[in-house]
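Trainee: I have a new structure to look at. Can we go through some of it together?
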Amino acid sequence: MSGQTAPEPPSLPATDFVAALTARQAPSVPKGLTTRRGMPDASRFAIYRNNVHVSLVEALGKRFPVTRQLVGDDFFRGMAREFVQAVKPRSPVLLEYGAEFPAFVASFAPADTVPYLADVARIEIAVSESYHAVEAPALDMAAIAALDPERLGDMVIEAHPAVRLVRATFPVGTIWSNHQVEPVKPVVEWTGEDVLVTRPKARIGLTVLPPADESFVAALLSGRTLAQAAEAAIEADAAFDFGRALVALINLGVVRAVRDRETSDV
């Protein structure tokens with residue numbers, strides 16, 4: 001009949017759609033989701049829902065390969081499925097999914113027998129973030145040498161965008177590094193490690209910090225001045241060597257800029 005228009009299809013809130021896709025038990029087709037003919041199609045929705053679950057689980061497996069190796073594929077998939085049901089993607093960029101995974105692993109009771117697993121997942125988050133961080137030049141020793149020594153103590157550093165620091169009670173840097181080769185090397189010393197993740201010359205590198213440098217690096221990355229960071233390091237370990245530690249950070253590409261605390265970059 002002329003002058004009449006087709007009725008508007010029922011709307012489907014995005015939150016309802018996401019909840020239906022990630023629910024623990026397969027739900028009925030959400031109200032408002034229909035084919036072009038205006039009819040719900042349970043089988044097609046089930047296939048789509050399964051594909052979403054599989055894609056998210058696979059994305060986690062790719063982002064946390066060492067975590068997966070430590071517990072095996074079956075255990076990891078089961079844990080990943082639980083995570084997918086509990087935590088919804090917040091970004092359309094799939095490689096960003098899983099930021100909350102280390103905390104989830106720490107609270108996942110079946111993983112209690114592998115107490116270092118959550119910290120390994122934290123390392124893998126740091127590696128992923130470092131790899132995808134924006135490009136930026138790093139300061140070299142010539143730039144540092146040109147600074148006024150009398151001003152140096154009152155300066156702060158701007159870390160390179162790819163730098164990450166993971167402080168753990170387990171040897172997670174060693175565990176991660178040992179899983180980059182075949183056969184996997186055993187861990188000899190089960191002590192905590194502070195691990196610096198960097199990307200010098202576009203390659204990811206993990207450095208287990210010397211104990212004497214741990215407080216210094218953590219203080220610098222938290223925004224404290226070079227003098228304050230050195231004082232914290234000396235208080236923690238009298239063997240701290242300021243010159244050696246600063247040169248090591250420069251050589252690792254950690255420093256993007258050095259500036260006075262309240263002035264412009266140097």
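Mentor: Start with a definition: rings of Phe, Tyr and Trp (its six-membered ring) pair if their centres lie within 6.5 Å, and planes under 30 degrees apart count as stacked, over 60 as edge-to-face and the rest as tilted. This is a predicted model, where local features need pLDDT of at least 70 and side-chain atom pairs count only at pLDDT 80 or more, while totals for chains, interfaces and linings use all residues. Residues are numbered from 1 along each chain as its sequence is written, and side-chain values use heavy atoms, with hydrogens and water left out.

Trainee: How many aromatic pairs are in the whole structure?

Mentor: Twelve. One of them is Phe83 with Phe101, edge-to-face, at 5.2 Å centre to centre and 85 degrees between the planes.

Trainee: Which parts does that pair tie together?

Mentor: Phe83 is in helix H4 (residues 73–86) and Phe101 in helix H5 (residues 101–107), so the pair links parts 18 residues apart in sequence. Helices (H or I, at least four residues) and strands (E, at least two) are DSSP runs, numbered from the N terminus.

Trainee: Is Phe83 buried or exposed?

Mentor: Buried, at a relative accessible area of 0%. Buried means under 20%, exposed over 50%, partly exposed in between (1.4 Å probe, protein chains only).

Trainee: New topic. Where is Leu252?

Mentor: Leu252 sits in the loop between helix H12 (242–251) and strand E5 (255–260).

Trainee: What is Leu252 in contact with, leaving aside neighbours within four places in sequence?

Mentor: Leu196, Thr198, Pro200 and Thr207, where contact means heavy atoms within 4.5 Å. Pro200 is 52 residues from Leu252 in sequence, yet their C-alpha atoms are 6.3 Å apart.
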